[in-house]
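Trainee: I have just opened this entry and would like to go through it with you. Could you take my questions as they come?

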Amino acid sequence: MKKLVLVGGGGHAKVLAGELMRLGEYGLLGYTALHDAGPLLGLPFLGGDEILAGIIRSHPGCAAALGIGTVNTSEFRKAVFLSLRDQGFEFPAIISPHAVVGEETALGDATVVFAGAVVNPGVRFGRGVIVNTNASVDHDGQIGDFVHIAPGATLSGGVSVGDFSFIGTGASLIQGVRIGSKCLIGAGAVVTKDCLEAGTYVGVPARRKG
């Protein structure tokens with residue numbers, strides 16, 4: 001069984017740890033974080049990022065999972081991903097056994113689809129995407145690198161989202177709209193037209209702040 005280390009020790013990491021345990025496809029070594037938060041669903045604290053080089057030497061081909069998921073961490077997650085990939089870690093896509101992923105869907109490295117999420121056929125995901133609990137991505141969407149689709153968000157068919165964007169909890173995007181890179185769509189926002197300029201969009205219908 002391939003070994004895997006979880007990177008991060010907060011709430012997002014805890015949810016991801018639970019999904020990995022339910023999958024049962026990896027031998028979980030433990031988690032790394034800045035501080036020891038005690039056992040994470042029984043997983044031991046291994047240390048800070050400085051111990052990762054030793055882990056990959058001891059376990060060549062070891063997998064890693066990004067357990068970093070708060071708002072405005074997309075570029076940091078990319079930096080961690082690139083650093084660990086260069087050290088030799090593999091980043092599998094992870095699909096909860098309680099998620100639905102349709103046919104002809106492409107999942108980039110380190111992308112995670114959580115429980116209750118529905119991804120319909122023909123969606124293309126970049127690297128490091130988070131499709132969080134009960135989110136929905138309809139057919140033929142294009143989702144860029146390190147996008148976070150928060151719990152309960154709904155993306156209708158043919159929606160595109162640029163790199164490093166965040167789609168807030170319960171937001172709704174109508175069919176075919178385009179979201180640019182580094183956009184934050186606020187919780188509960190309803191997006192009825194393209195939001196291409198980087199920034200924060202809130203309200204019904206969603207408008208750019210500032």
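Trainee: What is the area buried between domain 1 and domain 2, and what percentage of it do carbon and sulfur atoms give?

Mentor: Please keep in mind that this is a predicted model. The area buried between domain 1 and domain 2 is about 1700 Å², and carbon and sulfur atoms give 71% of that area.

Trainee: Which residues in domain 1 lose the most area to domain 2?

Mentor: Those are E19, R77 and F81, which together account for 29% of what the domain 1 side buries.

Trainee: Where is the chain divided into the two domains?

Mentor: Domain 1 covers residues 3-87, while domain 2 covers residues 94-201.

Trainee: Which residue does E75 meet in a salt bridge?

Mentor: The side chain of E75 meets the side chain of K182, with 3.7 Å from N to O.

Trainee: Let's change topic to the start of the chain. What do β1, α1 and β2 make?

Mentor: Strand β1, helix α1 (residues 11-23) and strand β2 make a β-α-β unit, and this unit is right-handed. Strand β1 (residues 3-7) and strand β2 (residues 27-32) run parallel and are joined by 5 bridges, with V5 standing opposite G30 in β2.

Trainee: Which way do β2 and β3 run, parallel or antiparallel?

Mentor: Strands β2 and β3 (residues 45-47) run parallel, and 2 bridges join them. Here Y31 stands opposite F45 in β3.

Trainee: Now the open sheet: how many strands form it, and in what order?

Mentor: It is formed by 6 strands in the order β6-β8-β11-β14-β17-β20, and the pairing is parallel.

Trainee: Why is one side of β6 and of β20 left without a neighbour in the sheet?

Mentor: Because β6 (100-101) and β20 (190-191) stand at the edges, each has a single partner strand, and one side of each is therefore left without a neighbour in the sheet. For β20, strand β17 (residues 172-173) pairs with it in the parallel sense over 2 bridges, and the bridge partner of S172 is V190 in β20.

Trainee: One last thing: which peptide bond is cis, and where does P205 lie?

Mentor: The peptide bond from V204 to P205 is cis, with omega near -5 degrees, and P205 lies in the loop between β21 (199-202) and β22 (207-208).

Notes: Residues numbered from 1 in each chain as written. Predicted model: local features only at pLDDT ≥ 70, side-chain atom pairs only at ≥ 80, totals over all residues. Heavy atoms only, no water. Pairing = 2+ DSSP bridges. Helix = DSSP H or I, 4+ residues; strand = E, 2+ residues; numbered from the N terminus. Right-handed = clockwise from strand over helix to strand, strands pointing away. Domains from an automatic or database assignment. Buried area = accessible area lost by both parts, 1.4 Å probe. Salt bridge = Lys/Arg side-chain N within 4 Å of Asp/Glu carboxyl O.
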